Amino acid sequence: MAKKKINTALNEAQETSPAKNISLKSAERIKNLRKKKIDPENLVEQIIQGNKTALSRAITLIESQQTKHQHDVNAIIEGCLPYANQSIRIGITGVPGVGKSTFIEAFGNYLIGLEKKVAVLAVDPSSSISQGSILGDKTRMEELVKQENAFIRPTPSGDSLGGVAQKTRESIILCEAAGFDTILIETVGVGQSETIVHSMTDFFLLLKLAGAGDELQGIKRGIMEMADAIVINKADGENQQPARQAKAEFKKALHLYPETESGWRPKVKLASALHHKGIEEIEKMISSYEKATKENNYFQHKRQEQNKFWLLQTINNRLKANFYDQPKIKAELKKQLTAIENNETTPFVAANFLFNLMKHL
Ligand SMILES: Nc1nc2c(ncn2[C@@H]2O[C@H](COP(=O)(O)OP(=O)(O)OP(=O)(O)O)[C@@H](O)[C@H]2O)c(=O)[nH]1
Ligand SMILES: [Mg+2]
């Protein structure tokens, strides 16, 4: 096997390791953070009062992934937990360029007009590679960023998808404790990111474009089952007719799916995020979903299921981190990899050896 491949596998395996590279920007934030002494109790108090600076600081701590901060992070999350949960969490996905950020700008501002408090988070798998940020284009959210009742947080960069997801989940709790009652989570529809965002949201919205020929072609299997609504965006100008056609096709297709556990039939809507069209109707739809699923208890049930899933995810992540961070394991793993290269052992014998070593540490 090529060295590069081994390194990639190693990086993947160590994806939860705190010893990850972090982008310059995050490094700077963490440096600033270190200068000030952290008082978790005080931070929690400020968060609960809705202080956005304190919220930002706490999220930066979560993102720092430094073992020495873990204790503070746990204290902050635990302190915030009793105040969390009073929200609706909405996942927004779709291919790059479909208009997610533009939609969030329009939708978020509309919600603020309804006296809601809106937090925007993101799960962006590409940022783990490019160290860019899905919300780097805050220009798309020009109005929203200025709102007192909005909080926008770019994707934590320089981490694996699993790592990002964990941090985003923890950040949701903090945002809720700070009084944000609507949490919007943007994700690009690539890789596993939609599945991950689906597992932390109450309502899942898929943005689509019309006019790409057969509308149902090229749509990933599974995503239709996850979506609570499909919104055909850019339904403006010459695009209006194709958008209506796409809507009819999606409606027909969704009809073939069996009734969902929630009792909710996924809806198809048209929107023009750029011209703020269809936004009000989408808000009404999500509200009626919330009402219906709270009445039949599905809303609460789904959150419980998600919590169970995240308990197991957290255990898996910690186990992995514990394993790969052990200096003895690190050293021995290197030797075993060389031994495999020289045909001196097999992957299974090597794995057994490492697990036994771990047991006796
Ligand atoms: N005509 C039209 N253009 C739109 C609409 N919504 C978004 N756009 C344009 O589409 C382009 C991409 O929009 P974004 O909001 O950045 O798309 P995105 O899905 O967030 O893209 P990524 O963050 O790169 O995944 C921008 O030039 C927007 O102005 C719409 O409703 N109608
Ligand atoms: Mg975007």
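Leaving aside its neighbours within four places in sequence, which residues is Ser262 in contact with?

Modeller: Ser262 is in contact with Thr293, Asn296 and Tyr298, its neighbours within four places in sequence being left aside; contact means heavy atoms within 4.5 Å. This is a predicted model, in which local features need pLDDT of at least 70 and side-chain atom pairs count only at pLDDT 80 or more, while totals for chains, interfaces and linings use all residues. Residues are numbered from 1 along each chain as its sequence is written, chains are lettered from A and ligands numbered from 1 in the order in which they are written, and side-chain values use heavy atoms, with hydrogens and water left out.

Ser262 sits in the loop between helix 12 (240–255) and strand 7 (267–270). Helices (H or I, at least four residues) and strands (E, at least two) are DSSP runs, numbered from the N terminus. With 6% relative accessibility, Ser262 counts as buried (buried is under 20% relative accessible area, exposed over 50%, partly exposed in between, with a 1.4 Å probe and protein chains only). Its side chain makes a polar contact of 3.1 Å with the side chain of Thr260; such a contact is a pair of N or O atoms within 3.5 Å, and within protein one must be able to donate a hydrogen and the other to accept it, with residues adjacent in sequence counting only if both atoms are side-chain atoms. From Ser262 to Tyr289 there are 27 residues in sequence and 9.4 Å in space, C-alpha to C-alpha.

His276 is not a glycine, yet has a positive phi of about 60°. Most residues other than glycine have a negative phi. Asn343 is a further case, with a positive phi near 55° in a residue other than glycine. Asn343 belongs to the loop between helix 15 (327–341) and helix 16 (347–359). At 70% relative accessibility, Asn343 counts as exposed, whereas Ser262 is buried.

Elsewhere, Glu45 lies in helix 3. Glu45 has a relative accessible area of 48%, so it is partly exposed.
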